[in-house]
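Here is a short briefing for a first look at this structure. Take a moment with the sequence and the 3D view before reading on.

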Amino acid sequence: MAEIKKEKIEKIKNLIEELLLKMNVLGQVEVIENIDGFQFIIRTHEGGLLIGENGKTLVSFNHIIKKIIGKEVDKDETAFAFSLDVNDYQTKRIEDLKNIARVNAQRVRFFKKEVALRAMSSFERRVIHAILSDYPDITTESKGSEPRRQVVIKPYP
């Protein structure tokens, strides 16, 4: 089992490095194990190119890599959980989202009124919902349609 995991990690790392080479982007790939699986972090001076506006390019890059790996590596085996980050962009973004969630939860508690956050990607909404799921006096709901879907934070009835 550990050998299969090592093999998958190497294949994913090699794929990322190969794609970076084809894009003429110099960078190194680090692998970190966390509670959600494995995180492949690209360290590069050209991070803006890989991250894109509001992380949209990074989300797409992550999606493409997962699709390729899904076809090549996970054919008959259980899914292999991993994510991709560039220069810790996702990690910092998650911390920002946690702060946004906490501040707005305090507003909802204080004013006893719902607060609608700005439109967010599905990833960002999931983070907000997950953070606030630990608040017993707060409830969250996603409203609207893409690309204007947003999280609404409400006092628990």
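The notes below cover a sheet, the helices beside it and one arginine.

This is a predicted model: local features need pLDDT of at least 70, side-chain atom pairs count only at pLDDT 80 or more, and totals for chains, interfaces and linings use all residues. Residues are numbered from 1 along each chain as its sequence is written, and side-chain values use heavy atoms, with hydrogens and water left out.

**The sheet**
- Three strands make an open sheet with mixed pairing, in the order β1-β2-β3.
- β1 (28-34) and β3 (82-86) are the edge strands, each pairing on one side only.
- On average, neighbouring strands of this sheet are turned by 25° against each other, direction ignored.
- β1 pairs with β2 (residues 37-43) in the antiparallel sense, over seven bridges.
- Strands are DSSP runs of E, at least two residues, and helices are runs of H or I, at least four, numbered from the N terminus.
- Two strands pair if DSSP finds at least two bridges between them.
- Glu33 has Phe38 in β2 as its bridge partner.

**The helices**
- Helix α3 (residues 56-72) packs on the sheet and touches β2 and β3. Its direction makes about 145° with that of β3.
- α4 lies across β2 and β3, at about 95° to β3.
- Axes are lines fitted to C-alpha atoms, for helices over the stretch in contact; angles run from 0 to 180 degrees between N-to-C directions.

**Arg93**
- Arg93 sits in helix α4 (residues 89-111).
- Arg93 counts as buried because its relative accessibility is 13%, and buried means under 20% relative accessible area (1.4 Å probe, protein chains only).
- Arg93 touches Arg118 and Glu124, leaving aside residues up to four places away in sequence. Contact means heavy atoms within 4.5 Å.

Methods
Buried means under 20% relative accessible area, exposed over 50%, partly exposed in between (1.4 Å probe, protein chains only).
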